[in-house]
Amino acid sequence: MCQIKDKCLDGVCRNFIFGKCKKTSCKWQHPTAKELFKKFKSNGAINEPVMKCNKLPFCIWSITGKCNKGTNCIFKHVNATELVAWLKAYKCLTIDI
Ligand SMILES: [Zn+2]
Ligand SMILES: [Zn+2]
């Protein structure tokens, strides 16, 4: 399990994650919620048991990759910033970012 925040966010723009990067051509990655979730999952940064205990206020399939309803989806599709804010608020991350 990854305990090193630098590894979990390798190559990702931190300012973007916190909604502060205004650059149009940033040298760091600006991931979608789906890409970020995948990254966290592969690094063990997501505490899945905790995540499953909380009722998700958004479309889980949009971040796990199975929702193809797009704007017709009745659940909210979050961006990377909203995803991280939620994960942090509900203590679903095993890393401190
Ligand atoms: Zn950026
Ligand atoms: Zn959806």
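Trainee: Among contacts between residues at least 6 apart in sequence, what share joins residues at least 24 apart?
Mentor: The share is 61% in this protein chain. Keep in mind that the model is predicted.

Trainee: How do you know how far to trust the prediction of the protein chain?
Mentor: Look at pLDDT, the predictor's confidence on a scale from 0 to 100. The chain averages 88, and 93% of its residues score at least 70. Helix H6 has the highest mean, at 94. Helix H1, residues 5-8, has the lowest, at 66. Where pLDDT is low, predicted coordinates should not be read in detail.

Trainee: What makes up the secondary structure of the protein chain?
Mentor: Six helices and zero strands. From the N terminus the order reads α-α-α-α-α-α.

Trainee: Is Cys92 buried or exposed, and how do you know?
Mentor: Count C-beta neighbours inside 10 Å. Cys92 has 22. The cut-off for buried is 20 or more. Therefore Cys92 counts as buried. Its place is in the segment after H6. Leaving aside neighbours within four places in sequence, Cys92 is in contact with Ile46, Asn47, Val50, Met51 and Leu87. Its C-alpha atom is 9.7 Å from that of Cys53, 39 residues away along the chain.

Trainee: Lys91 lies in the segment after H6 too. What makes Lys91 count as buried or exposed?
Mentor: Lys91 has 11 C-beta neighbours inside 10 Å. Exposed means 12 or fewer. Lys91 therefore counts as exposed.

Trainee: How do you know the class of Asn79?
Mentor: Run the test again. Asn79 has 16 C-beta neighbours inside 10 Å, so it counts as partly exposed. Asn79 is in the loop between H5 and H6.

Trainee: And what class does Lys41 get?
Mentor: Partly exposed, with 13 other C-beta atoms within 10 Å. Lys41 is in helix H3. Lys41 and Thr64 are 23 residues apart in sequence and 9.9 Å apart in space, C-alpha to C-alpha.

Trainee: Which residues of H3 are buried?
Mentor: Ala33, Leu36, Phe37 and Phe40. Seen down the axis of H3, these residues fall within an arc of 100 degrees, so they line one face of the helix.

Trainee: What makes you say where the buried residues of H6 sit around its axis?
Mentor: The residues are Ala80, Leu83, Val84 and Leu87. They cover an arc of only 95 degrees, which puts them on the same side of H6. What covers them includes helices H2, H3 and H5. Ala80, leaving aside neighbours within four places, is in contact with Ile17, Pro31, Thr32, Ala33 and Leu36.

Trainee: Which residues touch the most other members of the largest nonpolar core?
Mentor: Ala33, Leu36, Phe37, Phe40, Ala80, Leu83 and Val84, out of 17 residues in that core. H2, H3 and H6 each supply at least two of its residues. In soluble globular proteins, nonpolar side chains tend to be buried together.

Trainee: How many of the 97 residues are buried, as a percentage?
Mentor: Buried residues make up 20% of the chain.

Terms used. Residues numbered from 1 in each chain as written. Chains lettered and ligands numbered in written order. Predicted model: local features only at pLDDT ≥ 70, side-chain atom pairs only at ≥ 80, totals over all residues. Helix = DSSP H or I, 4+ residues; strand = E, 2+ residues; numbered from the N terminus. Arc of directions from axis to C-beta. Contact = placed C-beta atoms within 7 Å. Core = buried A, V, L, I, M, F, W, Y, C linked by C-beta atoms within 7 Å.
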